[in-house]
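Colleague: Before I use this model, I would like to hear the grounds for the labels you attach to it. Please set each value against its definition.

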Amino acid sequence: MRLRLDITGKLLVLTMGLLAVHGCITLVWMTEQFHSELVSREMAALEQDSRLASAAFERRIEGAGELALALADVPPIQGILRAKANGGIDPADGSTELQWRNRLGVIFRSLLSADHGVLQARYVGVADDGMELVRVERASAGAAPLVVPPEQLQHKSETSYFQEILALPKSQVYVSAIDLNREHGAVETPHKPVVRTGTPIYDERGRVAGLIVLNLDASSAFAAVARQVAAGRLLYIANQTGDYLYCPDQSKAFGFDLGHRYTIYEDYPALASPNAANLLRGTLVTRAGNGARMGLAFERQDLPYGGPDRGLLFVVGDDYSTVIAGTTRALQRAIVSGVGLLAIALGVAWCIARSFTRPIRETTAAIEAWDGGRAPPALPCEGRDEVGTLARAFTRITGELLDHRNHLERMVVERTSELEASRRQLIEARDTAEHANRAKSEFLAKMSHELRTPLNGVIGMTELLRDTDLDERQRRFVDACSSSGRSLLELINDVLDISKIEAGGLELETREFLLTQCIDDTVAMLAHRAHHKGVEVTYYVEPAL
């Protein structure tokens with residue numbers, strides 16, 4: 001038995017199918033998108049932390065370099081040089097070399113008091129194996145700075161930073177690698193991670209005469225960098241070769257200075273892979289040396305003024321389960337919400353299908369049964385939804401169409417009667433016009449013939465009168481009468497030409513004439529009337545004409 005579904009069943013089945021397909025696609029899409037988006041967001045947050053950490057350390061090193069340049073220009077520096085060159089007395093103001101050293105010590109001590117991240121400030125001379133001339137230091141971070149007595153000053157010519165700073169041009173800054181501070185060649189205890197900045201000092205002759213060296217407390221700088229990282233995340237700082245400088249397990253830090261190296265590449269081999277080693281920054285998900293899955297963001301940075309061999313690697317990490325925890329929770333909520341919404345949508349679709357299709361069926365049946373008669377079809381217009389609105393609109397439009405059709409039929413009858421009456425009137429008007437035109441033509445023809453007969457007599461008698469004995473004045477009058485008669489005859493001929501124009505038989509003629517004769521005839525016609533009005537009419541024609 002074949003199952004037949006009405007529109008309600010078809011609509012409901014279609015809706016359920018579409019919702020099911022949409023739900024499956026949405027679920028898969030949500031799984032991928034939520035996972036990708038939230039993981040990307042968490043990894044971007046890690047990357048932001050790594051950039052903030054790198055930028056914070058860079059600002060600290062740049063500030064120390066600028067501070068070394070500023071100290072190289074303080075007056076006691078040149079005062080000491082002048083005093084050394086003049087037997088211990090500065091010729092500029094009479095100060096001794098010791099006085100200038102004490103003044104420089106005061107400046108160094110003020111610097112250390114203002115900046116607790118500076119452990120040592122030194123002025124090292126070139127002579128006497130790089131003997132320190134002034135040194136101010138603090139015993140530990142936060143301790144009061146003290147000026148080191150002359151007997152405790154050291155020779156520094158054998159240190160690497162001494163040779164490198166002396167090789168720099170004027171106003172250039174040196175930044176050392178980060179390591180543990182050494183005193184008299186041995187690692188100082190307790191350990192003090194330091195980074196050294198310095199700049200050469202040139203005398204008035206342009207020769208290298210000494211150098212300024214600042215020892216920065218790397219631990220306090222690392223602590224300031226760590227504050228840029230969100231709570232719960234891990235911060236790693238390694239040098240160019242991957243040795244730990246800062247990490248959650250501080251026992252691994254500076255192992256290269258203590259006889260046993262610990263590198264970040266041992267704990268995270270993926271950072272040494274070509275894909276990561278050739279990038280300045282990036283993110284990755286990898287396994288740590290202990291097997292834990294981690295999300296990492298890294299930033300490679302060359303120390304300011306330090307060159308490419310003094311680079312640092314900043315890494316911010318978080319346990320991958322923490323990274324995807326928000327993803328899992330969001331995905332679970334999305335699945336539960338999706339299933340609930342799907343069930344609600346199916347129920348609502350069934351109710352809507354039942355209420356929506358009934359008036360549609362009734363409307364369809366009524367429209368199919370309508371034969372186009374004088375009355376509109378009976379549609380279910382009582383509904384308040386869109387279908388009821390559609391039925392009412394269709395009924396109204398059908399009624400308007402029927403009214404318009406009836407109105408058009410009446411207008412056709414009326415316009416037909418009016419056109420017939422107008423046609424009859426036009427025929428009568430045409431006949432009347434033709435009759436009047438014929439009467440006019442006959443009148444013009446008869447009138448012109450009647451006028452020309454006596455006019456020809458007048459012209460003839462004028463010609464005869466001209467042949468008699470006349471004085472000059474009489475002859476002029478006779479000539480005027482003759483000219484006027486001929487003009488009147490031409491006028492009558494022109495009137496006759498109207499008949500030729502209507503018949504389409506008018507022909508244009510070209511004749512020669514005398515301009516002076518035309519002007520003379522015109523003046524003669526007007527002279528008599530002008531004389532009676534007391535006006536004298538004359539004319540003058542150029543002889544050349």
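**Labels and their grounds**

Colleague: Why is R310 called buried?

Modeller: Its relative accessibility is 12%, and buried means under 20% relative accessible area, with exposed over 50% and partly exposed in between (1.4 Å probe, protein chains only). R310 therefore counts as buried. Bear in mind that this is a predicted model, in which local features need pLDDT of at least 70, side-chain atom pairs count only at pLDDT 80 or more, and totals for chains, interfaces and linings use all residues. Residues are numbered from 1 along each chain as its sequence is written, and side-chain values use heavy atoms, with hydrogens and water left out.

Colleague: Where is the place of R310?

Modeller: R310 sits in the loop between β13 (293-302) and β14 (311-319). Strands here are DSSP runs of E with at least two residues, helices are runs of H or I with at least four, and both are numbered from the N terminus.

Colleague: Which residues is R310 in contact with, leaving aside its neighbours within four places in sequence?

Modeller: They are E164, Y174, V175, S176, A177, Q240 and L303. Contact means heavy atoms within 4.5 Å.

Colleague: What makes the approach of R310 to the backbone oxygen of V175 a polar contact?

Modeller: A polar atom of the R310 side chain lies 2.5 Å from that oxygen of V175. The definition asks for a pair of N or O atoms within 3.5 Å; within protein, one must be able to donate a hydrogen and the other to accept it, and residues adjacent in sequence count only if both atoms are side-chain atoms. The 2.5 Å distance for R310 and V175 is within the 3.5 Å limit.

Colleague: How do you know that β13 and β14 pair?

Modeller: Two strands pair if DSSP finds at least two bridges between them. β13 and β14 have nine, in the antiparallel sense; one of the bridge partners is F314 in β14, for E299. Strand β10 (residues 234-238) also pairs with β14 in the antiparallel sense, over five bridges, and Y236 has V315 in β14 as its bridge partner.

Colleague: What makes the buried residues of α6 line one face of the helix?

Modeller: In α6 (residues 218-226), A218, A221, F222 and V225 are buried. Seen down the axis of α6, they fall within an arc of 100°, so they line one face. The arc is that of the directions from the helix axis to the C-beta atoms.
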